[in-house]
Structure formats: C-alpha cells, structure tokens
Number of protein chains: 2
Amino acid sequence: MSTTTNPVVLLPPEKMPKQWINLVPYIGYDLPLISPQTLEPGTPEEAMMIFSKDCVLQEVSQEPAIDIPDELREMYYYANRPTPLVRALRLEKAIGIDADTDGIKIYYKNESVSPAGSHKTNTALAQAYYARKNGIECLATETGAGQWGSALSYACALFGLKCRVYMVRASYKQKPYRGILMRTYGAEVWPSPSDQTDVGNTFLEQDPDHPGSLGIAISEAVEDCIKHNDNTRYSLGSVVNHVVLHQTIIGQEAKAQMEMLGEYPDIIIACHGGGSNFSGLTFPFLIDKIEDRKPDLRIIAAEPTAAPKLTKGVYTFDYGDTGHFAPIVKMYTIGSSFVPSPIHAGGLRYHGASPLVSMALNKGLIEADMLKQTEVIEAGVTFARTEGFPPAPESCHAVLEAIKQAKAAKENRENKIILFNLSGHGYFDLGAYQAYLDGNLEDFELPTAQIKESLKSLPQVSFG
Amino acid sequence: MSTTTNPVVLLPPEKMPKQWINLVPYIGYDLPLISPQTLEPGTPEEAMMIFSKDCVLQEVSQEPAIDIPDELREMYYYANRPTPLVRALRLEKAIGIDADTDGIKIYYKNESVSPAGSHKTNTALAQAYYARKNGIECLATETGAGQWGSALSYACALFGLKCRVYMVRASYKQKPYRGILMRTYGAEVWPSPSDQTDVGNTFLEQDPDHPGSLGIAISEAVEDCIKHNDNTRYSLGSVVNHVVLHQTIIGQEAKAQMEMLGEYPDIIIACHGGGSNFSGLTFPFLIDKIEDRKPDLRIIAAEPTAAPKLTKGVYTFDYGDTGHFAPIVKMYTIGSSFVPSPIHAGGLRYHGASPLVSMALNKGLIEADMLKQTEVIEAGVTFARTEGFPPAPESCHAVLEAIKQAKAAKENRENKIILFNLSGHGYFDLGAYQAYLDGNLEDFELPTAQIKESLKSLPQVSFG
C-alpha cells in the first residue's frame with residue numbers, strides 16, 4: 001500500500017449542529033402525557049413537578065427545531081463532539097464484503113468516544129444545563145446498564161449539581177465499575193429496588209435480592225424527586241420527546257459527515273431500548289422519508305428477544321414505570337410489570353418504546369428486528385477484533401443487525417450503504433464478553449406468556 | 001455567555017507526523033545492549049532473537065528521524081490519532097487558577113482516546129506491523145497494569161498475529177477487566193508468575209500467590225519467546241529506544257497543536273514508569289532545549305514513592321528483568337530484584353528507567369518528582385469532576401504534578417504554560433477510585449532499605 005486511507009470522517013468542530021430537530025411536527029404527534037393518578041391528560045405544570053421546566057416546554061413543543069444554547073455547545077466540545085463517523089473497512093472485510101465488487105459499504109457513528117462512554121451524554125448535559133438554569137440543585141434518576149447514570153453523574157459534575165442514581169440491581173452486580181464511576185463523578189448510587197423509597201421497600205419485602213427493572217428504578221427516582229421537590233427534579237435518559245430531541249445531534253452530524261463523502265445511507269440501524277440512540281441517529285434522516293425525498297430509506301430498530309416490545313408488544317397507552325409515578329404515554333409496550341431476563345444489554349430491558357418511535361413504527365416508517373444474546377455478543381467480538389474496541393452489549397445489537405443486512409444485500413446482489421449507531425463502548429460490560437469467551441453466555445426464550453400476563457394490567461385511559 | 005469556546009485543539013488528520021524523532025543522535029547516546037549471559041556488548045543478531053528485526057535496527061539507529069510506514073499511519077487513524085490537545089479550563093478553575101490574572105494555563109495531550117485506552121497503542125501497532133513484515137506470527141509480552149497488554153492484544157488483532165501476555169498477578173487481580181479485554185481481542189493471558197515458564201514456576205514454588213513484578217513478567221515473556229523462537233518474538237512496551245522512538249508521535253502532535261495556538265510550554269510533565277509516555281510527549285520538545293532554542297524549558301517526570309528509581313535510584317548498568325533474560329542497559333535503577341508495593345499505578349512499578357530518559361536526567365536536562373498514592377488519586381478525582389473522565393492511576397501522577405506546578409507558579413507570581421500527558425483513562429482502574437472514595441487507599445513508605453538490598457545484586461559489567 002503506498003497511500004494512506006483514513007477511515008475516520010471528522011466533522012469540523014464549527015459545523016457541530018446549532019439546533020436540535022424535533023420530529024413532533026413532522027410526524028404529526030399531538031398526544032399528551034397522561035397522569036397516572038387521574039388517567040386524564042396532565043398539564044405542563046404537573047409535568048414541571050417531575051421534569052425541569054425547560055425540558056417540559058421542549059416536551060410539548062411543536063417547533064421543528066430548537067436552538068442549542070452556546071454554553072451547552074461548549075460542553076459538547078468537552079464531551080468529544082462532534083463524534084467520528086467511521087467506515088468499517090475491517091469489519092466489512094471480516095464478514096466477506098468487498099466494497100468494490102459487492103457495492104456494499106458499512107459506516108458507523110461512534111458515540112462511544114463520550115467521556116461517560118455513550119450517546120447518553122448528549123441529553124445528560126442538556127438536562128443538567130436546563131436544571132441549573134431553572135434553579136434546580138439535584139437530579140434524581142434511574143439507570144439500567146449504567147450508561148445513563150454515568151452520563152448524568154458526569155453532566156451534574158460539570159454543571160455543579162447533585163445527582164442521585166437508582167441502578168437496577170441486576171446491572172449493579174454485573175457492572176460494578178459503573179457504580180464506582182458515578183461515585184467518582186460525585187453522585188450517590190443505590191442498587192434498585194433500594195431502601196431509600198417506599199416503592200423500593202415494597203419490592204425488597206417481596207425479595208431482598210430482587211433483580212430490579214427499569215420500571216421499578218424509574219418509580220424510585222420519581223418518588224425521590226417528589227419527596228425532595230423543593231430542590232430536586234427527575235431526569236430521564238430515554239423514551240420521552242425532549243430526550244429524543246437532544247439526541248438528534250447524532251443524526252445531524254452523521255448526515256453532514258455522509259454529505260462530506262457524497263453519500264446517503266440506504267439502511268440505517270440502531271439498537272432500541274427506550275429509543276434514545278435510535279431516534280438520535282435516525283430521526284434527522286427519517287424526515288427525508290416522511291417528506292418523500294428518500295422514500296426507499298429503510299430504518300431498522302434492533303432489540304433483544306428478552307424484551308421485544310417493538311416486535312411483540314402492543315401499541316397502546318401504558319404506564320412509564322412499574323410503580324405508576326411517571327406519566328402514561330402511548331407506546332409499543334409489553335406491560336409495565338414486565339421483568340425481563342437479566343441480559344447483559346441492561347439498557348434494552350425497558351418495557352416500552354419512545355412515543356415518537358412507536359408512532360413511526362405504527363405508521364410503517366420504520367422496522368424492528370429481534371436478536372439473540374449469544375449472536376449479539378459474538379458480533380461484538382468480531383467488531384472488537386476488526387474495528388478495535390468492544391461495543392456495549394446494547395450497541396452489539398446494532399452491529400449484528402448491520403452484519404445481517406450487509407450479508408443479505410450481498411446475497412441479493414444489491415448495492416447498499418449501511419449506517420449504524422455505535423452508541424457506546426463495552427469497557428464496563430466486559431462480563432458479557434467474559435461469559436461469551438468462557439462459553440457461559442445464556443440465551444433466553446421469547447417471554448410470550450410473561451408478556452401476555454403483563455399486558456393484563458394496562459391503564460384504562462379514556463383519552464383519544 | 002454568548003460565544004462558544006472550544007477547549008479542544010484538533011490536529012488536521014493530514015498533519016499527523018510522517019516520521020518518528022530519534023533522540024539518540026541529539027543526546028549523543030551510543031551505549032550497546034549488554035548480554036545478560038556474557039556481560040559483554042551483544043550483537044544486533046543476538047537482539048534479533050528477542051525483538052523483531054526492524055525494531056532492532058531502530059534500536060541501534062543513529063538517524064535523527066525514521067519514516068512511519070503508510071499502512072501503519074492508516075492504523076493510527078483507526079486508533080483515533082491525531083489525539084486531542086485540551087485546555088484544562090475547568091481544572092484550572094477548580095484549583096484556583098485564573099488564566100487572565102495569573103498568566104497560567106494548563107493543557108493536556110489526551111492519549112486516553114486510543115481504543116486500548118492509552119498511549120501504548122502507538123508502539124504496539126508499530127511493533128505488530130514490523131513483526132508481521134518480518135514474518136513473525138506471535139508476540140509474547142508482559143504487562144503491569146494491563147495498558148500495554150491491552151494495546152499489544154489490540155495491535156495483534158489488527159495485524160493478524162497471535163499474542164501471549166504475562167500479566168503481573170497483583171494487577172491481574174486488581175483489574176480483572178483488563179484480562180477480559182485482552183482475551184476479547186484474541187490474546188492468551190496468564191497471571192505472572194505463571195506455570196507456563198521455568199522462571200514463573202521458580203517464583204510460584206516460593207509463593208503460590210506471588211504478587212509478581214514487571215521484572216518477573218518480562219522474564220516469563222522473554223523465556224516464552226526463546227522457547228518458541230521459530231515464530232515468536234518478544235515485545236516490550238517501554239524502556240528501550242525503539243519503543244521510545246514510536247512514542248514521539250505524541251510530542252510532535254502536541255507541538256504542532258501548541259503552534260496552532262501560538263504557544264510553547266514552559267513546563268512539560270508526564271508520569272514515568274519505564275519512560276515511554278514520558279519520552280513520547282517530552283523528547284520532541286527536549287530537542288529544543290538540547291539545541292538551546294528553549295534553554296529554560298522544564299521537563300518533569302512524576303513517579304510514585306513506591307518505586308522511585310529516578311529520585312532514589314543509581315545510574316548504572318542493570319538487568320532489564322528479574323530473571324536475567326533481557327538485555328542489560330545503563331539506567332537509573334533500584335535493582336532488578338526490587339518488588340514494589342502493590343500500588344494501583346501498576347505501570348509505574350518497574351525497577352528501571354529508559355536509558356534515554358536516564359541519560360537526559362543524568363545530564364540535568366530533565367527533573368523528577370516523587371508522589372504519594374493518596375494525593376495522586378485525589379488529583380484524579382478532581383480531574384474527573386472537572387475535565388470529565390477518571391485518568392489511569394499512572395496518569396494521575398501527571399495530573400497531580402501539573403496541579404503542584406500551577407499552584408507554585410501562582411504563589412511565585414510567574415506566568416507559566418503547563419503541558420502534561422494524560423497517557424490513559426482509568427475505566428479499568430476504578431478499584432483505585434473505589435478505595436479512595438471508601439477511605440481505604442493506602443500510602444506506602446519510601447522503600448529505602450529494600451532499594452539498598454536490591455542494589456547489591458547489580459551485574460558486574462566491564463563495558464565503558
């Protein structure tokens with residue numbers, strides 16, 4: 001080789017987006033947050049008891065774009081934004097793709113370069129910024145695998161806020177370094193269910209070693225927020241509109257980076273838990289499909305067999321959390337009492353999907369695919385040995401789906417440009433890799449009966 | 001704030017250095033590698049039994065600069081080079097520095113963005129490249145904290161080589177995720193002393209749970225290389241000239257980035273174990289001091305009290321390893337049988353210093369300072385809460401020294417630009433942070449008596 005190829009596409013820092021993109025007006029979303037107490041539409045004022053005021057205003061905004069404040073953009077620089085877009089040349093080769101003869105290329109947006117290790121930083125910094133602006137002193141939150149808790153702890157450290165984190169116990173045990181990282185940033189961290197809240201104590205009475213769920217941990221964090229409402233608000237790492245909004249910086253950057261190459265993807269892939277990294281990468285492209293500039297664009301959400309709300313759930317109003325403290329929204333759900341198997345991709349264990357993602361799926365604008373844990377982590381090992389680092393178990397879903405789609409395109413002799421979101425690194429999730437390498441990694445059955453049972457306790461919402 | 005400040009200085013990718021800088025001719029280094037068997041100068045051919053041929057040629061080169069091959073530069077892009085230079089605005093503020101009134105600025109070169117987590121990737125990729133070029137199929141190595149083992153495992157995965165790693169047992173236990181990461185890249189990993197080698201078995205007989213040392217682990221890796229000499233060579237992560245050479249990409253980039261700002265540092269700081277990240281950042285600047293363009297430049301090596309070879313060692317010929325397999329070199333040493341306390345900065349536990357660093361210290365071109373573990377990790381926590389990520393315990397030494405120098409400059413009312421090397425992240429070293437946060441972190445006494453004992457067994461080299 002006599003010339004140097006650079007597979008990394010860097011966006012010039014001054015080209016970092018100055019606005020977030022709001023899918024709400026594009027897709028015609030106009031559903032309210034429903035109060036879990038009254039089962040009626042809640043007011044923005046009620047929501048401001050839970051979320052910071054500016055976040056609530058963004059939650060209900062119908063504006064197509066919202067400015068990113070300058071001070072926040074400065075923090076995004078600190079957080080290693082813009083993130084790289086990388087041509088996965090070595091992964092392509094390893095799975096038998098030759099771009100020249102096959103006409104297939106794989107790119108990934110590398111959100112793992114964030115200091116807290118994932119895309120979660122994008123909304124964590126925004127929420128901490130608005131909390132401080134709104135005079136809030138502390139943010140309470142839940143975390144599954146710990147990506148979100150790390151990101152919010154990081155953001156609170158940078159904006160001088162306190163942070164209290166309820167971490168799903170199964171993940172707290174699987175990923176001990178996550179808790180230490182949060183404490184290093186100055187946060188207080190408890191395994192959930194914890195003895196800090198009434199709802200936590202209820203579950204601890206049933207089982208002192210309860211593995212927890214995101215639904216329970218959300219309830220704890222919201223209860224904490226309500227109990228300390230003079231100075232505390234709740235902060236959510238996924239699902240709701242304002243979080244999805246903040247994440248659209250990912251897709252806008254990726255779009256600009258693809259433009260630098262003169263390319264546009266045919267297939268866009270992201271893993272899906274609550275929907276934040278998925279929305280973040282795909283929504284800026286989805287608009288092109290909605291407005292018929294890219295009618296053939298395929299957008300695929302990759303989810304685990306263990307918590308398959310997009311592929312096996314129903315589209316209806318459901319509680320956001322197990323304890324019924326958080327607002328009710330219309331979404332694809334497998335029921336708020338669903339407790340998923342302890343897969344390593346803890347961030348994908350949530351029972352519901354973002355209302356905006358759910359609406360997009362219901363309108364046929366996006367697709368979903370369900371993947372098994374062993375194949376997912378195997379894809380992560382392939383990625384690590386070719387592209388150079390182990391993805392988070394969540395992100396491994398996107399890697400596997402990208403490999404599947406590339407192989408399918410090759411079989412069908414189709415030219416395809418594939419773009420996926422590498423939402424986070426797996427440095428804190430190496431237990432999953434160890435289990436795989438030692439041959440101890442489990443697959444879990446599709447939880448059909450459990451989903452059926454869990455869907456019996458949907459709220460009886462009269463709205464709409 | 002109405003405008004956006006970007007504290008991150010990115011070097012345009014095409015400006016990544018095309019050559020490494022060789023300090024050897026600048027400083028007048030002409031000492032040979034001495035054979036541990038004959039105690040006489042060895043030949044390059046003998047050295048080629050241990051190291052890859054091209055690395056030996058670089059080891060003895062008197063050329064002031066050596067080309068970086070194109071294919072290797074491509075891999076450097078994959079490894080996130082050029083790395084960012086960051087103005088530590090938030091750290092400055094936290095320690096009471098106001099650049100405008102105090103005239104003090106702190107910058108750090110962020111080598112932690114490498115996929116394997118540290119600067120070690122720079123020489124790992126180079127050594128794997130040359131090994132493959134020279135027809136070698138496997139590299140054997142030792143690792144302390146695991147940064148080097150991770151980097152070499154990563155590099156071997158990318159160049160299609162096998163990799164066998166002997167990891168100091170104390171670190172293997174402290175940092176379990178390091179071993180899993182190496183295995184994820186496809187390497188074989190053993191805690192050292194191991195049962196894989198004669199030297200390992202000798203130490204295991206003394207103590208089945210022997211904590212190990214870099215000196216012992218090096219012996220194991222060299223023995224492995226000699227036993228499998230048909231297809232295996234040994235790979236060293238620090239100390240020797242060719243490693244130091246590969247690392248000079250760091251300082252060259254930093255110099256170019258400082259030039260983009262119109263600045264030149266007054267004080268340059270790096271932690272010091274064997275000397276690779278220290279040399280890498282400082283040697284391209286040191287040349288300016290040697291050639292009298294920057295006579296007042298201060299260059300400071302920060303080392304732990306637990307293994308203080310630069311501050312408390314002697315400058316003499318000593319064995320490179322405990323088992324006396326590796327070449328003898330002239331260096332600052334506290335004796336090859338020295339077994340340091342199990343500090344978390346495992347990468348700084350080596351008994352000797354790079355011959356080139358040693359010569360620079362002996363000539364009064366650089367300084368050294370000795371730091372305590374508790375203060376070191378405390379500095380890391382301060383860094384994490386301001387700059388956004390926990391540094392490796394090794395790198396925390398550089399952080400603390402930078403804070404000390406900044407505070408001293410403020411007290412003396414001196415304008416100073418300080419540059420330090422953030423050589424790696426601490427995501428795999430969070431045990432150190434946990435111990436600090438829980439109040440369990442130990443300090444160790446200066447090992448004066450142990451050093452005196454260890455220095456009794458220096459080799460009787462007649463050369464020079």
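Predicted model: local features only at pLDDT ≥ 70, side-chain atom pairs only at ≥ 80, totals over all residues.
In chain B, seven strands are arranged in an open sheet with the order β1-β4-β5-β15-β10-β11-β14, and the pairing is mixed. Strands β1 (8–9) and β14 (367–371) of chain B form the edges, each pairing on one side only. Strand β5 (residues 104–110) of chain B runs parallel to β15(B), with seven bridges between them. One residue of this pairing is B:N110, whose bridge partner in β15(B) is B:L422. Helix α13 (residues 241–260) of chain B packs on the sheet, where it touches β1, β4 (85–87), β5 and β15 of chain B. The direction of α13(B) makes about 140° with that of β5(B).

Within this sheet, strand β10 (residues 267–271) of chain B is mostly covered, five of its five residues being buried. The covering extends to both faces of β10(B): B:I267, B:I269 and B:C271 are buried on one side, and B:I268 and B:A270 on the other. Strand β10(B) is paired in the parallel sense with β15 (residues 416–422) of chain B over three bridges. It is also joined by five bridges to the parallel strand β11 (residues 298–304) of chain B. Residue B:I269 takes part in both pairings, with B:F420 as its bridge partner in β15(B) and B:I300 as its bridge partner in β11(B). A right-handed β-α-β unit is made by β10(B), helix α14 (residues 276–290) of chain B and β11(B).

The relation between two packed helices is described by the angle between their axes and the distance between the axes. For helix α17 (residues 373–387) and helix α18 (residues 393–411) of chain B, the packing angle is about 85° and the axes are 8 Å apart. Because angles of 65 to 115 degrees count as roughly perpendicular, α17(B) is classed as roughly perpendicular to α18(B). On the α17(B) side, the contact involves B:E375, B:V376, B:I377, B:A379, B:G380 and B:F383. These meet B:P393, B:C396, B:H397, B:V399, B:L400 and B:I403 in α18(B). By class, nine nonpolar, two polar and one charged residues make up the contact.

In chain A, four strands form an open sheet in the order β8-β7-β6-β9, with parallel pairing. Strands β8 (188–192) and β9 (232–234) of chain A stand at the edges and have a single partner strand each, so one side of each is without a neighbour in the sheet. On average, neighbouring strands of this sheet are turned by 20° against each other, direction ignored. Strand β6 (residues 138–143) and strand β7 (residues 162–168) of chain A run parallel and are joined by six bridges. In this pairing, A:T141 has A:V165 in β7(A) as its bridge partner. Five bridges join β7(A) to β8(A), again in the parallel sense, and A:Y166 stands opposite A:W190 in β8(A). Although β8(A) is an edge strand, it is mostly covered, with four of its five residues buried.

Residue A:V222 is located in helix α12 (residues 214–227) of chain A. Its relative accessible area is 0%, under the 20% limit, and A:V222 is therefore buried. Beyond residues up to four places away in sequence, A:V222 touches A:I50, A:Y234, A:F325 and A:A326. The C-alpha atoms of A:V222 and A:D321 are 9.4 Å apart, while the two residues are 99 residues apart in sequence.

Two cis peptide bonds are described here. The bond from A:S192 to A:P193 is cis, with omega near 5°, and A:P193 lies in the loop between β8 and α11 (198–206) of chain A. In chain B, B:R81 and B:P82 are joined by a cis peptide bond with omega of about -10°. Residue B:P82 is in the loop between α4 (70–78) and β4 of chain B.

Positive phi values are found at two non-glycine residues, A:H324 and B:L39. For A:H324, phi is about 65°, and the residue lies in the loop between β12 (314–319) and β13 (328–333) of chain A. The relative accessibility of A:H324 is 28%, so this residue counts as partly exposed. For B:L39, phi is near 60°, and its place is in the loop between α1 (23–27) and α2 (44–50) of chain B. With 21% relative accessibility, B:L39 likewise counts as partly exposed.

Methods:
Residues numbered from 1 in each chain as written. Chains lettered and ligands numbered in written order. Heavy atoms only, no water. Buried < 20%, exposed > 50% of the residue type's maximum accessible area, 1.4 Å probe, protein only. Helix = DSSP H or I, 4+ residues; strand = E, 2+ residues; numbered from the N terminus. Pairing = 2+ DSSP bridges. Right-handed = clockwise from strand over helix to strand, strands pointing away. Axes fitted to C-alpha atoms, helices over the stretch in contact; angles between N-to-C directions. Parallel < 35°, antiparallel > 145°, perpendicular 65-115°, else oblique. Contact = heavy atoms within 4.5 Å. Nonpolar A, V, L, I, M, F, W, Y, C, P; charged D, E, K, R; others polar.
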